[in-house]
Amino acid sequence: MGPKTLLITLFYLLLLYGGKAQSIPSTEVLPIEDLTNYLNKEVQEELKDADRSELAKYFREQFSERFFYDYKTFNDRLPHYNRVFANQENHKKGALDHMGKYNDSTQWVMPFNYLNGEPVNAYAMRHLARQHKMVDIALHYFNSGRDPKYIRYFVNQMRSLNAALQAGQYETIEDGNGVYEAFRSGYRILNWLWIHNMFLNEAEYSDQDQLVTIATLLQHGQHLYERNGQFSPGNHQTRGVSALAMLAILLRDFEGTDLWLERAMQRLGEHLDREINDDGFQFERSVHYHMSDINNYFYVYQLAKINSIEVDPAWEEKLRGLFTTLVKIAYPDRSAPVLQDDTEIPWGEKNDISESMTLGYLLFEDPEFGYFATNKVDNRVYWFLSNDQVKMLEDIKKKKPTYGSLAFEETGYYIMREGWGEDDKMMIITAGLDDKKPDHQHGDMLGVQAIANGHAILPNYQVRYSLDDFEFFKNSLVKNVALVNDELQGKQYTSNKGGSGFGKFLELPNPTVIAWETTNDFDFFAGSHDGFENVGVDYTRQVIYVKDDFWIVKDDFSSDGSHDYKQVWQGHYSHEEGPNLLRATMPDACGHDIFQLYDADEAESDGTRGKHWSVVTKKAQKDFSFITIIYPYCGYSNRLDENADEMMIGNWKVSQSQWMLDGSNPISMSSDDGVYLFNVSEARNEKLTLMSPEEADLFIKTGDDQFVIYSLDKNERTIEIQTIRGKKMTKTLKPGEVLRLDIN
């Protein structure tokens, strides 16, 4: 290459690269005097001679326009926040707790001790990395006279992490308590952005402090960008790339942040596609994680709209669907059942979804979402609402939902619903197992939960990872399930490497949904699981909701050997008729009875943490069926009358029908609305004879000239039919299938 050619080449290289900013490092925090070198070309031109003060002013103006609300209005919003949430004391408590445990320049790798000399454990390390109590410190600063020490504490603790990064002295357990792991880093970014925007009015939060925060966030963003190049299932990556997208929007003055946004949106889109099931439920099957995912997508969706950044319409549809799912699973009293690893209030029997639904209303102004809303969102989310959205909280439009019984077939939740009156009944059956990440799944396959008269009559309980009995509350003795011998559903429990308390079962039953049908007379579910195959037992559960009255639960066990078969029922029960009638009564004299149509051998009660359950057992059987009535009532005279000569289940007579029955142990329940038949090989009345080579479960409804026959069996059954006029036919009915028979 000649000199002339070399000069031309160098000239074009200078044109190509001379104005290009450098790549932001992920392993160190930029000195603030170097920040301008990493700005994109246009902003470099605008700020080429800017000093530290001018650079900080520029970014304050960008935050004023780009953040969720204008920081200049903070002093107007704070009194409203304090009035609505009234949690100044909670912020004070959290602030003093954090500052009483850690120096501002704390360590970031274990082992080390709290300020009182006790060792910091893994659970505490996780929360230090999230920096959520730093928000308490920031708000306590404003609520307690604005002592500058609180701002200095925030800045110094952030600087201590930067120093730990430089020295390589920070926790690195990626699937445990890694300080820069996506979830913890993403959570910390969210908190620090919140604090940064609140402090921008404060003189004590100097230009240098502001630029150090921006430099720190840039390092966090590049770290997330580099380590999230591929999809990874679960909410940890979702939280991380949600934060990455926020940084990319807010700090888009820097070169390379367009790539951050592209990658973050791609990853989030993949999580929406892969982890929000087609039926609208978050794949981990937990209300808590479902609502957490809503927040992850909300922050990005909201910020993109504020900054006029186009979002794929599929995003909006999926996000809206997450709120619709909460409506569909909601109890009539506007709470929601406890499903899998719900962790907000340990031992709680319901989930409060009002704050999430309020957020849904603010985003979509749907009065059906507004039905569940209140005048406040989660106190954290409040600071990520626009000022206009805060005003909307004063006038929420409400419309009662109209959803009836329905199924989330992909997720495996089946809902039997009376309606939306506050005293109406609802049951949810769990019959799903995620095939990719069942980490948050409990040992409650084919378990049920129910509410009636405003009470969770068959509850499940929230958990907390850090509690010693987390494994116990995750397994089957605290669920409404069937068991064999001493077998629990969850097996091979293992805790995570981080030591925060979280653990999972490596082995859980695989479910099969056999049938789901909903009619004007009843809802019918049938399913099985393989959880007892290791001891040679086949198991199925059928659930029938007799609208709008009570439930029938049939548990079928079959084996070549003898076993003890059990049902577990959550609640505080007395044993009114030995094991065959359990009764729970609430303070308002409403309650429910659990009545066995086939005699059991014993019922034993136990409990812990103020929660109780009863285990009903049939001993030493090869084959056995529990046929169990779950009967809610209000008032003593409306209970099942244990003293009656002939048992009545509401208006339904037990084994007093006009049908003549054959079978090993046939049972009928009849009323003017029809007759339920269980374990019958032949049923006869004056107009019709039904025969089955194998015993069948049926519901028969009679009209003037027609019989309607539903199969409520777990298996396909062949029914031979003969009418009084001599008409004969044979029909094979699948579970849930109906036959309409004209007898003329």
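Visitor: What volume does the largest cavity have?
Guide: This is a predicted model, in which local features need pLDDT of at least 70, side-chain atom pairs count only at pLDDT 80 or more, and totals for chains, interfaces and linings use all residues. Residues are numbered from 1 along each chain as its sequence is written, and side-chain values use heavy atoms, with hydrogens and water left out. A cavity is a set of points on a 1 Å grid over the protein atoms alone where a 1.4 Å probe fits but cannot get out. Taking volume as the space filled by probe spheres set on the points, which are joined across faces, edges and corners, the largest cavity comes to about 40 Å³.

Visitor: Which residues line the largest cavity?
Guide: A lining residue has an atom within 4 Å of a point. For the largest cavity, these residues are Asp444, Gly447, Val448, Gln449, Asn460, Lys479 and Asn480.

Visitor: How many residues of H13 are buried?
Guide: Buried means under 20% relative accessible area, with a 1.4 Å probe and protein chains only. H13 is mostly covered, and of its 20 residues the number buried is 17.

Visitor: Which residue has a side-chain oxygen that reaches the backbone nitrogen of His288?
Guide: This approach lies at the start of H13. The oxygen comes to within 3.2 Å of that nitrogen, and it belongs to Ser286.

Visitor: Which residue with a positive phi follows H13?
Guide: The phi value in question is near 55 degrees. The residue is Ser308.

Key: Buried < 20%, exposed > 50% of the residue type's maximum accessible area, 1.4 Å probe, protein only. Helix = DSSP H or I, 4+ residues; strand = E, 2+ residues; numbered from the N terminus. Polar contact = N/O pair within 3.5 Å; in protein donor to acceptor, adjacent residues only side chain to side chain. 1 Å grid on protein atoms, 1.4 Å probe; cavity = no way out; pocket = protein on both sides within 12 Å on 5 of 7 lines; lining within 4 Å.
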